[in-house]
Amino acid sequence: MKIFLDTADLEEIRRAAEAGLIDGVTTNPSLLAKAAGDRNPRELFREIAEAVAGPVSAEVVATDAAGMVAEGEQLAQIHPNIVVKVPLTEEGLRACRTLRSRGVGVNVTLCFSPLQALLAAKADATFVSPFVGRLDDVSSDGMRLIAQIREIYDQYAFETEILVASVRHPQHVVEAALLGADCVTLPPSVLWQMLRHPLTDHGVEAFLRDWKALGKPLL
Ligand code: E4P
């Protein structure tokens, strides 16, 4: 399962990429607005794409298909790793088809139902992003949606990758992996939580303490 980082924070992206922990990055206009400050968005996308060896989702803000295609083509020119993110609307799916026919990777985002995911796959999306946390927030079952999409895509051998988004905690990642999701995108806090276990910390401390007590160099 590919692990993407869901942020536009370059420091976090570089840290995770240099540790070899991530396969790509996803952003959205809210995350970009938070990280950009007075930086040029194009420049920030370029730096993010240079920091990670994998797809970087950059979202359009136009609401009509022609505008999305125009923005998408410009975004795709920033760096070969850029994947254009469009919303799962009628206009977004029109834009998806056009961009895909021109060889541009597309992530169809804001997916909340299996039928929306079916339409995204039929529009030849490279990725579909179901938002599990936002479904859980409204007392719906986010992970059930992932199971349904997996079954539908396998049934018809769709190649669209299921990119589990709106992840809130490590258990979402465990469930996504067990269900065979292709990718997850994580806020940095969840990535660092995944790495840690108190028994690992205690084990490292005990090994070092015991070795120090011997008073010899290792090599
Ligand atoms: C997906 O690509 C989105 O950026 C993201 O996962 C949204 O998550 P949120 O519900 O935490 O905003």
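Which residues are buried in helix α10 (residues 188-195)? I began my notes there. I am working from a predicted model. In α10 I find Pro188, Val190, Leu191 and Trp192 buried.

**Overall counts**

I stepped back to the whole protein. I count eleven helices and eight strands. The C-alpha trace spans about 70 × 40 × 30 Å along its principal axes. Of the 219 residues, 45% are buried. I also looked up contact range. Taking contacts with a separation of 6 or more, 57% are between residues 24 or more positions apart.

**Helix α6 against helix α8**

Next I took up a helix pair. Two packed helices are described by the angle between their axes and the distance between the axes. My pair is α6 (residues 114-122) and α8 (residues 142-156). Their axes come within 9 Å and cross at roughly 40 degrees. That angle makes α6 oblique to α8. The crossing of α6 past α8 is right-handed.

Which residues of α6 meet α8? I list Pro114, Ala117, Leu118, Ala120 and Ala121 from α6. Their partners in α8 are Leu145, Gln148, Ile149, Ile152 and Tyr153. Sorted by class, this contact has nine nonpolar residues, one polar and no charged.

I checked Leu119 as well, which also sits in α6. Is Leu119 buried or partly exposed? Leu119 is partly exposed, because its relative accessible area is 46%. I also took a distance from Leu119 to Ile13. The two are 106 residues apart along the chain, and their C-alpha atoms are separated by 32 Å.

**Cysteines**

How many disulfides does the structure hold? I find zero. I wanted the reason, so I looked up Cys96 and its closest cysteine sulfur, in Cys111. The sulfur of Cys96 is 12 Å from that of Cys111, which is too far for a bond. A disulfide would need the sulfur atoms within 2.5 Å. Starting from Cys111, the closest cysteine sulfur is in Cys96, again at 12 Å. I looked up burial for both. Cys96 is buried, with a relative accessible area of 0%. Cys111 counts as buried too, at 0% relative accessibility.

**Positive phi**

Last, I looked for backbone angles of note. Where does Asp124 lie? I place Asp124 in the loop between α6 and β6 (127-130). Its phi is near 70 degrees, a positive value in a residue other than glycine. Asp124 counts as partly exposed, because its relative accessibility is 40%.

Ser166 is another entry. I find Ser166 in the loop between β7 (161-164) and α9 (170-178). Ser166 is not a glycine, yet its phi is positive, at about 60 degrees. Is Ser166 buried or exposed? I note Ser166 as buried, because its relative accessible area is 8%.

Terms used:
Residues are numbered from 1 along each chain as its sequence is written. This is a predicted model: local features need pLDDT of at least 70, side-chain atom pairs count only at pLDDT 80 or more; totals for chains, interfaces and linings use all residues. Side-chain values use heavy atoms; hydrogens and water are left out. Axes are lines fitted to C-alpha atoms, for helices over the stretch in contact, and angles run from 0 to 180 degrees between N-to-C directions. Helices (H or I, at least four residues) and strands (E, at least two) are DSSP runs, numbered from the N terminus. Angles under 35 degrees count as roughly parallel, over 145 as roughly antiparallel, 65 to 115 as roughly perpendicular and the rest as oblique. A crossing is left-handed if the near helix is turned anticlockwise from the far one by less than a right angle, and right-handed if clockwise. Contact means heavy atoms within 4.5 Å. Ala, Val, Leu, Ile, Met, Phe, Trp, Tyr, Cys and Pro count as nonpolar, Asp, Glu, Lys and Arg as charged, and the others, Gly among them, as polar. Buried means under 20% relative accessible area, exposed over 50%, partly exposed in between (1.4 Å probe, protein chains only).
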